[in-house]
Amino acid sequence: MTLPDLNAQSALEHDARDPLAAFAGEFLHPQGADGRRLVYLCGHSLGLQTKSTREYIAQELRDWERLAVLGHDAAKRPWVGYHELAASGLAALAGADESEVIAMNSLTVNLHLMMVSFFRPQGARNRVLIEKSAFPSDRYAIVSQLEFHGLSPAEHLIEVAPRAGEDNLRTEDLVACLEREGSRLALVLLPGVQYLTGQALELGPLIAAARSTGASVGLDLAHAVGNVPLQLHDWDADFAVWCSYKYLNAGPGAIGGCFVHQRHARRSDLPRFAGWWGHSPSTRFEMGPDFAPIAGAPGWQISNPPVLAAAPLLASLEVFQRATIARLREKSVSLTGFLERLMDALLPDVVHIVTPREPAQRGCQLSLRLALTRSAAKRCHERLTAAGVICDWREPDILRVAPVPLFNSYHDVFTAAEALARAVAA
Ligand SMILES: Cc1ncc(COP(=O)(O)O)c(C=O)c1O
């Protein structure tokens, strides 16, 4: 390699200047069979474990052992209010008030619960708008909700696709569709960061355009939360849902999250699927027959929180609070830009970067399409894995690579880029 700053030495120099570099040492990095640390660029799928996670879980095991039922009130982190301990960390990442966020359930479950409240088809206003490549689980959930309301997906599901020959959605095309369908839309569901392409949508203007149609607006932030800064309160979406096992590093199948805008906090006209944990804590244990919801997002809780499953989220949010999403974003733009320049320099004729080139329109992830046959491209992915570089393959032809600023270094990115060049040449 000849370009001045695209070599191993300069990657190490970048790392030496990185004010967040020490955070990588707070994570457990997986190792290959030979005991060597893997280069893990897959935080868009499953984040790494913080070293503190074990102690957070151990604390709950000790309190359970020591206190049993008394732990609800007497545990170090009392279980009765365990979900509240995630509120400030989640609010900072979501750009929301603490009363607007809640850690509960998992993403698709939360999407269903939100649709119970915010997908209320009435008369001709009975359609849902999504993007054509929406994550399958979202589509399954929406189709099942349409059918639940006696509506046919063929007629009532509007899907906006990128233009022919393009990979990414254009804001103007989404806005044109919103204007065209406006009075017929009951719900608009948008991704924060598209899972396949890594495109970060222009959420501010899109949410404003969607809300001006009179539809409810929801967001799937699976690939956005902990990845890009969010301003959910100011953007004014009605609701958002996310999972915590990706950029939030809360472990496989971790407890998910949900945002409900403050303007809905006290609405008694909204139907919801209720449960006792959404009931006001001041009267919850009077065991009365009538549901009196907590004002705000916690009022959508159904069951008491899974403490052992929520402990890793608290451990991770504590790290985020020290690192801050603003500083992480600054590093992320630089780190992903480094990967982009390496791809352009090393593999200009083989790698097509599907993700937008403009940093504002992407997060950590670059989605790469290789100018090879599908089987040759898949072999490259296998060679990368064998070389100790972990990224993932998504059908039909995308290699997703995500340098995560909390635990990846410039040297990781350099190593991965060189390994890809070798995998292509092999
Ligand atoms: C964009 C997106 N939406 C929804 C989901 C489904 O999440 P869950 O299994 O937590 O419901 C995923 C899972 O990876 C996802 O990436």
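Which strands does helix H6 lie across?

## Helices over the sheet

This is a predicted model. In it, helix H6, made of residues 136-148, lies across S5, S6, strand S7 (185-191) and strand S8 (216-220). The helix runs at about 155 degrees to S6.

A further helix, H9 (residues 203-212), lies across S7 and S8. Its direction is at about 150 degrees to S8.

## The sheet

The strands under discussion belong to an open sheet of seven strands, in the order S4-S10-S9-S8-S7-S5-S6, and the pairing is mixed. At the edges are strand S4 (101-103) and strand S6 (157-160), each of which pairs on one side only. On average, neighbouring strands of this sheet are turned by 20 degrees against each other, with direction ignored.

Strands of a sheet pair through backbone hydrogen bonds, and they may be parallel or antiparallel. Strand S5 (residues 127-131) and S6 run parallel and are joined by four bridges. Within S6, Ile158 is the residue that stands opposite Leu129.

## A surface patch

Which residues form a nonpolar patch on the surface? They are Leu61, Trp64 and Leu308, and together they have about 300 Å² of accessible area.

Trp64 is placed in helix H2, which covers residues 53-67. Is Trp64 buried or exposed? Its relative accessibility is 52%, so Trp64 counts as exposed, the cut-off for that class being over 50%.

Key: Residues are numbered from 1 along each chain as its sequence is written. This is a predicted model: local features need pLDDT of at least 70, side-chain atom pairs count only at pLDDT 80 or more; totals for chains, interfaces and linings use all residues. Side-chain values use heavy atoms; hydrogens and water are left out. Patches are made of residues with over 30% relative accessible area and no salt bridge: like charges are joined within 9 Å, nonpolar side chains (Val, Leu, Ile, Met, Phe, Trp, Tyr) within 5 Å. Accessible areas come from the Shrake-Rupley method with a 1.4 Å probe; for residues, only the protein chains shown count as cover. A salt bridge is a side-chain nitrogen of Lys or Arg within 4 Å of a carboxyl oxygen of Asp or Glu. Helices (H or I, at least four residues) and strands (E, at least two) are DSSP runs, numbered from the N terminus. Buried means under 20% relative accessible area, exposed over 50%, partly exposed in between (1.4 Å probe, protein chains only). Two strands pair if DSSP finds at least two bridges between them. Axes are lines fitted to C-alpha atoms, for helices over the stretch in contact, and angles run from 0 to 180 degrees between N-to-C directions. Contact means heavy atoms within 4.5 Å.
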